[in-house]
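Please examine the sequence and the structure shown here before reading the report.

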Amino acid sequence: MQSLRKTTTWIAPSAMRFAGISSQIGEMGSGAGKGGGGGGAIREAGGAFGKMEAAHEEEYFFKKRQEQLHKLKEKIIGKVDFHEESIKHHEEAIARHKKAIEELSRKQE
């Protein structure tokens, strides 16, 4: 659970970053935003190329987030599999120990 908390703090800042960007500019790719930074010559110029560049950037970050979520899911699935396997081994050990206790009890009688 603790590792899951670490990853959520790792993912959340990227989502907050997009919220901050959208409040600084009117329409994506329409020119320099209110935040003082231009974001490059193409985006500063605005127009179709600026909108296209903004769309490419959004697509890139969307794919990055999807990739991160996929890796996180695979990692969690791996941990679940590991713990299920550990549970299986522990249950087998418990059964062996119970059997040994029963055999010792029979020998004492």
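The report below covers confidence, helices, surface and an aromatic pair.

## Model and confidence

This is a predicted model, in which local features need pLDDT of at least 70 and side-chain atom pairs count only at pLDDT 80 or more, while totals for chains, interfaces and linings use all residues. Residues are numbered from 1 along each chain as its sequence is written, and side-chain values use heavy atoms, with hydrogens and water left out.

The mean pLDDT (the predictor's confidence in each residue, from 0 to 100) of the protein is 78, and 61% of the residues score at least 70. Where pLDDT is low, the predicted coordinates should not be read in detail.

## Helices

The protein has three helices and zero strands; these are DSSP runs, with helices (H or I) of at least four residues and strands (E) of at least two, numbered from the N terminus. Helix H3 (residues 47-108) contains 62 residues. Its first and last C-alpha atoms are 91 Å apart, close to the 92 Å expected at 1.5 Å a residue, a span taken as 1.5 Å times one less than the number of residues.

## Burial and the aromatic pair

Of the 109 residues, 12% are buried (under 20% relative accessible area; exposed is over 50%, partly exposed in between, with a 1.4 Å probe and protein chains only). In H3, the residues Gly50, Ala54, Leu72 and Ala93 are buried.

The whole structure holds one aromatic pair (Phe, Tyr or Trp rings, the six-membered one for Trp, with centres within 6.5 Å; planes under 30 degrees apart are stacked, over 60 edge-to-face, the rest tilted). The ring centres of Tyr60 and Phe61 lie 5.2 Å apart with planes at 75°, so the pair is edge-to-face. Tyr60 is partly exposed at 47% relative accessibility, and Phe61 is partly exposed at 21%.
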